[in-house]
Amino acid sequence: MSALDLSRWQFGITTVYHFFFVPITLGLSWLVAGLQTAWYRTGKEKYLSATKFFGKIFLINIAMGVVTGIVQEFQFGMNWSDYSRFVGDIFGAPLAIEALLAFFLESTFLGIWIFGWDRLPKKIHLATIWLASLGTMLSAYFILAANSFMQHPVGYSFNPENNRAELNDFGAVLTQNTAIVAFVHTLSAAFLVSGALMAGISAFLLMRGRAVDAMRTTLRMGAVVTIVAGLVVAVSGDQDAKIMFQQQPMKMAAAEAIYETESNVPFSILTVGTLDGSTANCWLCIPGLTSYLATGDFGATVYGMNNLQAQYEQDYAATGITDFKPNVPVAYWSFRLMIGLGGLGTLFGIWALWATRRRRIPSSKWFLRSAAVVPFLPLFAISFGWIFTEMGRQPWIVFGLMGTQAGVSPGVGAGTVWTSLIAFTLLYGVLAVVEVKLILRTIKQGPPTNLPADPYAGAGTEDRPLTFSY
Amino acid sequence: MSQATDVNTLQLVWFALIAVLFTGYFVLEGFDYGVGILLPVIGKTESERRAMITTLGPLWDGNEVWLLTAGGALFAAFPEWYATLFSGFYLPLLLILLALIGRGVALEYRSKHASLTWRRNWDYAIVIGSFLPALLWGVAFGNIVRGVTLVTQPAGNIIYGGSFFDLLNPYALLGGLTTLTLFVTHGAVFLALKTHGTIRVSANKIAGQIGIVAAVFAVVFLLWSQLSYANGTTWTWAPTLLGAGFFVGALIANRLGREGWAFLASALTLGMAVIALFGMLYPYVLPNIDRVGPALTVANASSSEYTLKIMTVVALILTPIVLMYQAWTYWVFRKRIGAEDIVDAEKGSLDEIYS
């Protein structure tokens with residue numbers, strides 16, 4: 001394999017891995033902040049118990065997100081240095097602002113939250129978890145604005161003197177519809193995952209009779225979050241698709257495996273075809289739905305990949321790229337897996353609310369089994385969503401501006417990338433086992449039950465032993 | 001050297017800001033690394049080790065963001081520097097990344113489980129994960145100041161033309177030993193300031209011992225830099241000598257048991273060293289080793305004026321706010337910690353009912 005292919009694999013592996021921890025951080029931070037606020041307001045022990053319990057899971061998770069995030073920032077320069085030169089003038093700014101505005105907020109206030117239970121007044125301690133949550137959300141916004149530039153570059157001009165793209169309208173980069181929709185879609189998906197995780201864990205403990213009061217509350221809370229977030233994911237996903245049909249028609253044509261430009265295009269739910277255009281992709285289809293999803297009109301014309309290929313060959317002849325089609329089976333299947341798995345997560349939310357109606361405690365074996373699986377469904381849905389959006393953009397690294405092959409580091413050989421690829425994969429594999437083990441341990445141990453009435457008692461008094469240490 | 005004349009104010013501001021960000025990183029994570037390296041040296045018992053890690057607990061992640069901000073700022077303000085440096089120094093940076101991953105997870109996970117095997121394994125990750133970056137950032141900065149082989153690509157981009165082993169030259173390795181020993185001293189001084197009892201006593205003693213070694217390395221390294229690689233700049237003698245003075249002050253204060261002053265002086269030493277090195281580096285950001293061939297300068301590696309303007313406004317607003325709330329964290333956790341404060345040291349925080 002060439003350094004280019006290896007660098008792509010490395011970026012794919014490290015990014016998908018990093019993004020297992022990110023959505024849980026994004027959603028769970030707010031849910032934990034919500035639980036602690038409920039405790040602050042009501043003083044009920046169940047909320048404190050749930051705050052501590054889900055707080056632990058949140059902290060085990062975020063540690064992995066933080067350390068794998070450093071790799072993300074470094075590998076643009078390490079593996080994609082020509083890309084970094086070409087777009088650094090635009091792409092670097094949101095990354096630097098992400099660190100300065102969001103990462104500092106998140107890491108500093110999280111540190112205070114973890115160790116500050118007995119050191120700070122109750123209200124200020126509560127504020128620290130909200131500030132940390134705000135940090136995670138801001139970080140998502142800036143990195144998605146940067147990614148949206150790669151999907152749909154705006155606010156720049158090409159400078160032939162130094163052969164690079166230069167920023168001329170930062171507002172456009174931050175506020176283009178691609179970025180805003182991606183933010184809503186990603187954030188709601190993060191809440192979908194976190195709600196499902198909370199509901200799944202709570203259901204498991206509830207059915208074993210552990211901390212019943214707290215777990216019944218968090219089961220319903222997780223279920224409601226899952227349902228509401230699922231709706232927002234669907235609506236924003238629909239908007240995102242409509243925008244992408246305009247901005248990246250090739251990606252959407254690949255998602256639907258449409259080769260010829262046609263009107264009244266059906267939506268293929270599943271196919272047994274080869275997806276190479278030689279057989280029809282309709283095995284189970286809804287007539288006109290793709291046209292409708294693209295434009296809001298069932299009869300509308302949707303461009304096929306062959307026509308787009310012919311057009312791009314003329315428009316982008318200077319890039320030296322010959323094949324403008326992404327990997328169609330990857331685009332087609334990842335798109336469907338994203339929707340299907342995300343939808344299943346939402347359905348579990350509805351089931352959970354139904355199963356706990358009017359003080360009921362669920363007892364069905366299938367409900368328990370589903371609870372064990374359900375947190376992973378939307379989590380994998382998000383991975384497939386990113387695989388779709390990034391693989392679907394190929395052969396471009398920045399759509400219409402720079403081919404992926406042109407962005408790779410010229411001085412870094414295949415042997416070097418093999419070294420890092422193997423090192424990251426091995427280390428990430430070991431850490432995944434450790435992380436899952438710790439989370440399972442935490443779940444087995446369950447929420448604390450004999451909490452002191454006021455964990456803040458004696459705050460500010462000197463010379464009392466630490467209630468928390470590393 | 002004609003490039004130097006074209007440098008505009010914003011480029012100069014950002015060159016200085018990159019120096020500020022690396023100063024922040026070295027001063028703050030420098031002691032994190034020092035404490036990590038000293039973990040098995042000073043922490044003989046489980047209580048002592050946990051007390052040492054707890055001094056870092058609420059702080060280390062916020063400290064590490066200084067590195068992320070420096071990296072992001074390098075990308076935004078000097079994309080050519082970021083691209084050439086990060087792709088050229090690929091393997092050392094890979095080692096730093098692996099070290100930081102293992103170390104960060106280790107700090108967070110170590111005490112969550114009671115098993116002693118579990119904890120010994122994480123101790124390795126903490127020591128190695130602190131040792132490698134402490135050494136390798138010095139090697140990296142040594143190579144930046146010394147200059148590397150740079151070649152021009154057909155498209156006009158200037159990329160690293162040397163090998164991994166070219167980076168392991170005596171001067172850069174001495175730079176590595178300098179940061180390593182300075183960080184260990186800085187970490188020992190920090191520990192003496194933040195702990196009481198046995199840890200404080202050992203930390204104080206070790207700061208004095210390693211401090212002498214660090215002083216020798218630092219003086220030879222900075223003299224070598226000034227005499228061989230300063231590009232004709234002479235004002236950098238001032239921060240070099242000031243840095244040396246501060247370090248002597250730090251060692252004296254440490255000897256007298258004035259830990260606050262010792263820490264401040266040791267932080268100022270690191271700041272002066274960064275100023276001196278960046279001063280010598282200017283007007284380059286990555287010189288060619290022969291000072292004749294293609295090189296990256298403050299002028300030719302920077303972003304456009306528009307981007308630098310936006311970044312300047314953002315930095316001017318946010319940096320003071322960040323400094324204020326980080327300072328507040330240090331205030332909240334100002335209390336000294338000792339081994340005897342760790343309740344049930346053998347227990348894991350996931351094994352306790354209340355944590």
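How many residues of chain A are in contact with how many of chain B? The answer is 66 residues of chain A and 69 of chain B, where contact asks that the C-beta atoms of two residues, placed from the backbone, lie within 7 Å.

## Before you start

This is a predicted model, in which local features need pLDDT of at least 70, side-chain atom pairs count only at pLDDT 80 or more, and totals for chains, interfaces and linings use all residues. Residues are numbered from 1 along each chain as its sequence is written, while chains are lettered from A and ligands numbered from 1 in the order in which they are written.

## Where the chains meet

On the side of chain A that touches chain B, the elements giving two or more residues are α2 (45–79), α3 (81–115), β2 (164–167) and α15 (414–445). Helices (H or I, at least four residues) and strands (E, at least two) are DSSP runs, numbered from the N terminus. With 24 residues, α3(A) gives the most to this side.

By residue class, the side of chain A that touches chain B holds 38 nonpolar, 20 polar and 8 charged residues. Here Ala, Val, Leu, Ile, Met, Phe, Trp, Tyr, Cys and Pro count as nonpolar, Asp, Glu, Lys and Arg as charged, and the others, Gly among them, as polar.

## The nonpolar core

The largest nonpolar core has 277 residues, and A:Ala96, B:Ala188, B:Leu191 and B:Leu286 touch the most other members. Such a core is a set of buried Ala, Val, Leu, Ile, Met, Phe, Trp, Tyr and Cys residues joined through C-beta atoms within 7 Å. A residue is buried if 20 or more other C-beta atoms lie within 10 Å of its own, exposed if 12 or fewer, and partly exposed in between, with C-beta atoms placed from the backbone. Again α3(A) gives the most, with 21 residues in this core.

Take B:Leu191 as an example: leaving aside neighbours within four places in sequence, its contacts are B:Val35, B:Leu38, B:Ile42, B:Met52, B:Thr55, B:Ile199 and B:Ala203.

## Chain B as a whole

Chain B has 11 helices and 4 strands. Its radius of gyration (taken over C-alpha atoms) is 21 Å, close to the 20 Å from the globule rule for 355 residues, so chain B is as compact as a globular protein of that length. That rule is 2.2 Å times the number of residues to the power 0.38.

Along the principal axes, the C-alpha atoms of chain B fill a box of roughly 65 × 40 × 40 Å. Buried residues make up 59% of the chain's 355. Among contacts in chain B between residues at least 6 apart in sequence, 80% join residues at least 24 apart.

## Helix α1 of chain A

Helix α1(A), residues 3–42, reaches 58 Å from its first C-alpha to its last, close to the 58 Å expected for its 40 residues (1.5 Å times one less than the number of residues). The helix bends by about 25° at A:Phe19, and A:Pro23 follows within four residues; the bend is the angle between axes fitted to the seven residues ending there and the seven starting there. After α1(A) comes A:Gly43, with a positive phi near 75°.

## Backbone details to check

Cis peptide bonds join A:Gln394 to A:Pro395, with omega near 10°, and B:Tyr282 to B:Pro283, with omega about 5°. A:Pro395 lies in the loop between α13 (376–391) and β7 (396–398) of chain A, and B:Pro283 in the loop between α10 (259–281) and β3 (284–286) of chain B.

A:Arg358 is not a glycine, yet its phi is positive, about 45°. This arginine, A:Arg358, counts as exposed because it has 4 C-beta neighbours inside 10 Å.
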